[in-house]
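Please find below a colleague's note on the structure under review. It is set out as numbered points for reading alongside the coordinates.

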Amino acid sequence: MRLSELKTGESATVVKVLGYGGFRRRIMEMGFVRGQEVTVLLDAPLKDPIEYHIMGYDISLRRKEAEMIVVMTREEAAKISETEASTLIDGEDIMVEALRSSHNHITVGLVGNPNAGKTSLFNTLCGRSEHVGNYSGVTVDAKRGELRYKGYTIEITDLPGTYALSAYSPEEVYVRRHIIDHTPDIIVNTVVASNLERNLYLTTELIDISPKMVIALNMYDELERSGAKFDHEALGRMIGVPIVPVVATSGRGIEELLDRLIAVYENREQSVRHIHIGYGSIIEEQLKDLNNDMRQHRNELTAHFPPRYFALKLIERDKEIISLLSSAPHFERWSAMAERARTQIEQALGEDIETALAGQKYGFISGALKETYVAAEYKRNTFSDKLDAIVTHRIWGFPIFFALMWFMFYCTFTLGAYPQEWIDMGIGWLYDLVQGGMSPGPLRDMLTDGVISGVGSVLVFLPNIMILYLFISLLEDSGYLARAAFIMDKVMHHMGVHGKSFIPMIMGFGCNVPAVMACRTIECTTSRIITIMVVPFMSCSARLPIYMMIVGTFFKDYAGTALFLLYLFGMLMAVVSARLMRRFMFREQEAPFVMELSPYRVPTAKATLRHMWTKCAQYVKKMGGLILIASIIIWLLSYYPRPKYDNDMAEAPNYELSYMGQIGQVCEPIFAPMDMEWQATVALISGIPAKEIVVSTMNVLYAQPGDQAPESDDELSPSASERIANSMSIPTAVAFLIFSLLYLPCIATIISIGSELNWRWAVGSALYNTALAWIVAWIGFHLTQLIL
Amino acid sequence: MNWQEIAVYIIGALAVVAVVRKLWRLFVCRDSSACSDCSKECPHRKS
């Protein structure tokens, strides 16, 4: 816990002091060193300052200073000793043991530019399988993992990628806030070896805030292959930060990285020293006065950053820093000084302050690299260039993109059919086993018609989901997804959104929830809102079983193409909706398109299979969780009430009189214009929590007790499949498909929209999607009737 | 009421409890994985 959290009269032992050099030194000189006991004597009336007793004398600290001191109470020490299975009993020894254990706990913040391989590094370090991809902005939230190494517990937080630490984009604010709130012991700055100049810009910003830092020079193999020469040790000595070459995907250099990280933490690393980035005589001259004034009143500043950083950010008019300092007594004076300095710098240099500072930082990087880096001869016409010339060609780009999409859905259906057959047979065997092995009764009916039919009918599509995710993973990891966004940029602009919006939309084919979250990388607010609102039109993998069920029953001969057209139709509806929103709701223009085209990389089998495995494990887990529960509830509602169970198993449940039948008959008029029966109506309603439930509901409602096992070449048990075919005409099937494609997203997506935007948008999305789905399904029904 | 019917009622009640628990986590954590695969820093994950 932090010292500031202790109450009056409580005691604790100092574990460590956080914060930057000068502040840390001063606090430690006062006696706040590891192992010293500190007692709270008095909280001032306004809760600031607080009086403490340490090393035999009384001292008062401001609350924000006390927040930077980590302490441990006896209760915490006892808990740690218990979890460490210590055999020590004596009170003192418990504290010593707990202190040693807490000292060996290192918190690490993993930062770096977007697409620098932070998540790959995180996965390798922590043995995790968080999603990675070859495009910017894969990580939109902090992920935490832990590893044990040489007696240390290292807790790593993977942070979203950022180019700088200003308050320009949400990720920048997020990363800086994380550093302020969590004060990691070490920052691991991931730098792409093949793109040093741009990646080191963030390093200069990190140097300004003076954390303990190690640079992980990732993708070092690419630098070696390019023929470039880089003396990373020399650059490390120059900037006072150890640099370790690593290849995150293969694990090369990871041990050295951890060793150096521990050495920095233990203050044993030789190359560590604090430097200032020089901003040139004009800026430095103006910065000096403000910096000195802030130094004199440093107790008014938070201890997270040095005064020089605060001075720089005030001159830059950084909103977050202004709000952080606004309560300081000298804030007005500092603001005036900063404004004066800003005006004088801009007049003297003839350019705005942001340009001047960026220029100086790049000048520093360029100077440092001149002495340590010899670039390889720039090769034009590399494989990446040749491939780009084809896939981003202004004429061929689109046909290639659509051909790839068609191929993806074709394979999803055709290749998936074989393993699907085997699972189907397994489920049929299990059905027969339970049916024959149990005495007749409601439990047997629940297991066969509810659990096995309901869960089995969804589980059978697992191979198709696997193939779909395999393709999505290949698209993401190879770098093609960023190219697809590039070629779609013009189309997206016509829609009224950002080119970057295309990536969340494609991710939506997998699952709409991460796709909605991925919209955080879109800087322009209106583009972000529009993209979030149209993401649910992208058919997620949960909707695939519905399509497979209906397409497999009605359009089996050209199933791949039918699937492709469905996905394309979803995209078309997204385009139309986005255009309407831009036209009537957000008239201002979107920000210019900035999208990195990172080089193509051959996706590694390990990463691709891990991605596929994670997604499939989630799907199977969902079967054992939500789908199982829903199948049981749907079965119960369709089985009861029964007049009296008389053990006559030949009696079929009277579905129409059941609770589900009554609900269906109430809702039936909604879909009556499309000739849909109540079973289909109920199935669509049951899909609100998760779309797969539509399939399990259809199977439960259309199944009858005593059904035979499904035949290998059908998606559903024969009678259920036949009954669906008999109860729906082709126009009704088309309307059912269109409605399933467009109606309100699952609860998880609605909640994601609510948390990313607000509840009005979430409710608006649900209502708009459902209304649009009904209208378009009705049009589809009548058009198909006309055509047939 | 025979034993199969009693078992069905118990399973049904457990299913309803599971739904309520799942929804609660979904709304509180705002994450579709409702704790199973989530790695967010969140107090509910421990529960």
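1. Overall make-up. The model is predicted. Chain A contains 35 helices and 13 strands. Of its 788 residues, 57% are buried. Among contacts in chain A with a separation of 6 or more, 71% join residues 24 or more positions apart.

2. Confidence. The mean pLDDT of chain A is 82, and 89% of the residues reach at least 70. Confidence is lowest in helix α4 (residues 91–103) of chain A, where the mean is 68, and highest in α33(A), at 95.

3. Helix α29 of chain A, geometry.

4. Helix α29 of chain A, packing. The buried residues in α29(A) are A:M660, A:G661, A:G664, A:C667 and A:F671. An α-helix has 3.6 residues a turn, so residues three or four places apart point the same way. The partners against which the buried residues of α29(A) pack are α28 (605–639), α30 (678–686), α31 (692–702), α33 (730–742) and α35 (759–787) of chain A.

5. Helix α17 of chain A. This helix, residues 397–414, has 18 residues and extends 26 Å from its first C-alpha to its last, close to the 26 Å expected at 1.5 Å a residue. Its buried residues include A:G397, A:F401, A:M405 and A:M408. Also buried in α17(A) are A:F409, A:C411, A:T412 and A:F413.

6. Helices α18 and α19 of chain A. The axes of α18 (residues 417–437) and α19 (residues 442–459) come within 10 Å and cross at roughly 175°. α18(A) and α19(A) are therefore roughly antiparallel to each other, the cut-off for that term being over 145 degrees. On the α18(A) side, the contact involves A:I423, A:I427, A:L430, A:Y431, A:V434 and A:Q435. The residues they meet in α19(A) include A:R444, A:L447, A:I452, A:G456 and A:L459.

7. Helices α26 and α31 of chain A. How do the axes of these helices cross? The axis of α26 (residues 544–554) comes within 7 Å of that of α31(A), with a crossing angle of roughly 40°. This makes α26(A) oblique to α31(A). A:P545, A:I546 and A:M549 of α26(A) make the contact with A:E692, A:V694, A:V695 and A:M698 of α31(A).

8. Cis peptide bond. The bond from A:Y640 to A:P641 is cis, with omega near 0°. A:P641 lies in the loop between α28 and α29 of chain A.

9. Positive phi angles. A:K150 is not a glycine, yet has a positive phi of about 45°. The residue A:K150 sits in the loop between β7 (143–149) and β8 (152–158) of chain A, and A:K150 is exposed, with a relative accessible area of 58%. A:N267, likewise not a glycine, has a positive phi of about 60°. A:N267 is placed in the loop between α10 (254–265) and α11 (280–296) of chain A. Is A:N267 buried or exposed? A:N267 counts as exposed, at 55% relative accessibility.

Methods: Residues numbered from 1 in each chain as written. Chains lettered and ligands numbered in written order. Predicted model: local features only at pLDDT ≥ 70, side-chain atom pairs only at ≥ 80, totals over all residues. Heavy atoms only, no water. Buried < 20%, exposed > 50% of the residue type's maximum accessible area, 1.4 Å probe, protein only. Helix = DSSP H or I, 4+ residues; strand = E, 2+ residues; numbered from the N terminus. Contact = heavy atoms within 4.5 Å. pLDDT = per-residue confidence, 0-100. Axes fitted to C-alpha atoms, helices over the stretch in contact; angles between N-to-C directions. Parallel < 35°, antiparallel > 145°, perpendicular 65-115°, else oblique. Expected span 1.5 Å × (residues − 1).
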